[in-house]
Amino acid sequence: CADGGVFQVVRLVSTTSPPLSPRHLPNMLTSAASLFAASPSIPILARRPGFCVVAKPAGLVVHRNDWSRKGDVALLQLLRDQLGTQVNPVHRLDAGTSGCLVFAEDSETTAALQRAFASGRVRKTYIAVARGNAMPTLGEGLVVERPVRDDKGVLRAARTELMCLGGCDGEEVAGEGEAVTGRLNLGASLVVAEPTTGRFHQIRKHLGGLSHPILGDAKHGDSRVNRWWREERGLRSLALHCASLEIELEEGGEVLQVRCPVREDIADLCGRMPWADAARAALPGLLDAPDPWAADDLAALERMKREAEERAAGEKRAARKQRTFAESKKYEATRKAQREEALGHRRGGGEAAAPAGGVTPAAEEGGGFEEAAEAEAAAAAASEGGLSAEEIAANLVRLKKAGRGGRGGRG
């Protein structure tokens with residue numbers, strides 16, 4: 001195209017590289033195509049004036065923060081580019097959590113929705129697959145009121161309502177011939193959680209405190225159990241999903257209800273459990289509905305994340321190389337200064353020592369070490385005895401003759 005990006009890429013390559021031959025054309029077109037690959041389309045579950053509710057995938061941070069890695073792809077930027085407008089997250093989900101997430105398009109709507117969350121006019125329902133059989137503990141429901149520390153380490157009140165819809169022991173999970181090493185607790189339960197407060201890792205900490213951590217939770221769970229569910233059951237991320245939101249837009253007014261079907265890996269895992277039928281009956285339309293994220297969009301998202309990680313790793317390598325180069329140059333400069341300082345001391349010390357009986361630089365360069373020594377000895381004797389210049393010259397001639405004669409005799 002006349003003004004498109006492909007033309008600009010070709011022009012950039014052609015002005016900074018030697019003339020291109022036809023064999024370069026396929027690689028050049030591939031690079032240009034990767035620059036303009038379509039971004040993944042984020043499923044929008046509901047949209048109202050000023051805000052929308054989207055389906056967040058697992059493994060994607062909502063926005064970059066102190067805990068995210070450099071180069072992480074953020075849902076905030078993807079949604080902003082898709083809608084063509086500025087967006088703000090009204091609440092947050094952990095990177096490993098999937099499901100309903102609210103974004104506002106202006107500051108006034110953001111503040112209004114955050115007041116609704118803070119005043120209890122929003123009902124959030126999560127689905128979690130927890131370790132172990134939780135039916136004895138949570139089968140009839142349980143309200144956990146235990147303070148948890150926020151992201152700044154401050155203890156804050158937290159309240160979560162928990163209900164177990166189905167549970168089983170490890171013997172009912174592992175099939176015949178499946179690899180089970182050690183004494184792993186492979187029991188699993190489907191738990192519905194409704195937090196009435198929104199604290200940092202609240203559901204994860206409350207279930208972990210009951211000895212039923214969420215599967216895939218690296219911080220509060222068992223890494224060996226998580227590895228088994230990942231390798232044997234295909235669990236890709238944290239088994240926690242925000243399944244529905246009920247938002248009272250105005251006090252005493254309309255209530256917006258939004259549901260997000262469970263993502264594919266959790267739905268497949270639940271479908272293989274002994275309590276699968278009971279779970280489908282209790283959660284109609286959530287476990288059987290298709291994943292809101294299309295396979296192509298998930299593949300595009302994974303490709304984008306992989307490319308971002310590779311760019312970040314390349315930048316890290318380049319920075320490390322630059323730092324090493326700078327340190328080596330600094331080391332060379334320091335060593336050079338030390339050598340020059342040492343050489344200066346040696347030169348200064350030789351010139352100072354010569355009058356006291358050492359070899360002068362002129363004598364050292366000429367090679368007349370013995371003659372210089374004799375001259376200095378004669379000069380010292382003259383200074384002590386008060387000899388004249390003629391007597392000093394005669395003494396030098398006599399000393400030289402005696403020295404040559406002595407060397408000849410030794411020879």
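In what follows, a residue counts as buried when its relative accessible area is under 20%, as exposed when that area is over 50%, and as partly exposed in between, with a 1.4 Å probe and protein chains only. Helices (H or I, at least four residues) and strands (E, at least two) are DSSP runs, numbered from the N terminus. The model is a predicted one, in which local features need pLDDT of at least 70 and side-chain atom pairs count only at pLDDT 80 or more, while totals for chains, interfaces and linings use all residues. Residues are numbered from 1 along each chain as its sequence is written, and side-chain values use heavy atoms, with hydrogens and water left out.

## Strands 4 and 11

Strand 4 is mostly covered, with seven of its seven residues buried, and strand 11 (residues 240-248) is also mostly covered, with seven of its nine residues buried. Two strands are said to pair if DSSP finds at least two bridges between them. By that rule strand 4 (residues 98-104) pairs with strand 11 in the parallel sense over two bridges, and S98 stands opposite H241 of strand 11.

Strand 11, for its part, pairs with strand 5 (residues 122-131) in the antiparallel sense over seven bridges, and A128 stands opposite L240 of strand 11. The pairing of strand 11 with strand 12 (residues 255-259) is antiparallel as well and comprises five bridges, with S244 opposite R259 of strand 12. Six residues lie between the strands in the hairpin of strand 11 and strand 12, and in this hairpin G252 takes a positive phi near 80°.

| Pair | Sense and bridges |
|---|---|
| Strand 4 and strand 11 | parallel, two bridges |
| Strand 5 and strand 11 | antiparallel, seven bridges |
| Strand 11 and strand 12 | antiparallel, five bridges |

## Pockets

Rolling a probe the size of a water molecule over the atoms shows where empty space is left. On a 1 Å grid over the protein atoms alone, a pocket is an open set of points with protein on both sides within 12 Å along at least five of seven lines, whereas a cavity is a set of points where a 1.4 Å probe fits but cannot get out; lining residues have an atom within 4 Å of a point. Grid points are joined across faces, edges and corners, and a volume is the space filled by probe spheres set on the points.

The largest pocket holds about 1500 Å³ of space. Its lining is made up of 48 residues, of which R92, L93, D94, A95 and H201 lie nearest the centre. Helix 4 (107-118), strand 5, strand 10 (188-195), helix 6 (202-209) and helix 10 (295-353) are the elements that give two or more residues to this lining, and strand 5 gives the most, with four residues. For classes, Ala, Val, Leu, Ile, Met, Phe, Trp, Tyr, Cys and Pro count as nonpolar, Asp, Glu, Lys and Arg as charged, and the others, Gly among them, as polar; the lining of the largest pocket then divides into 18 nonpolar, 16 polar and 14 charged residues.

The second largest pocket has a volume of about 260 Å³. It is lined by 20 residues, and P57, A58, R236, L298 and E302 are the closest to its centre. Strand 2 (51-56), strand 4 and helix 10 each supply at least two residues of this lining, and the largest share, four residues, comes from helix 10. By class, the lining has nine nonpolar, five polar and six charged residues.

## Single residues

Most residues other than glycine have a negative phi, and most peptide bonds are trans.
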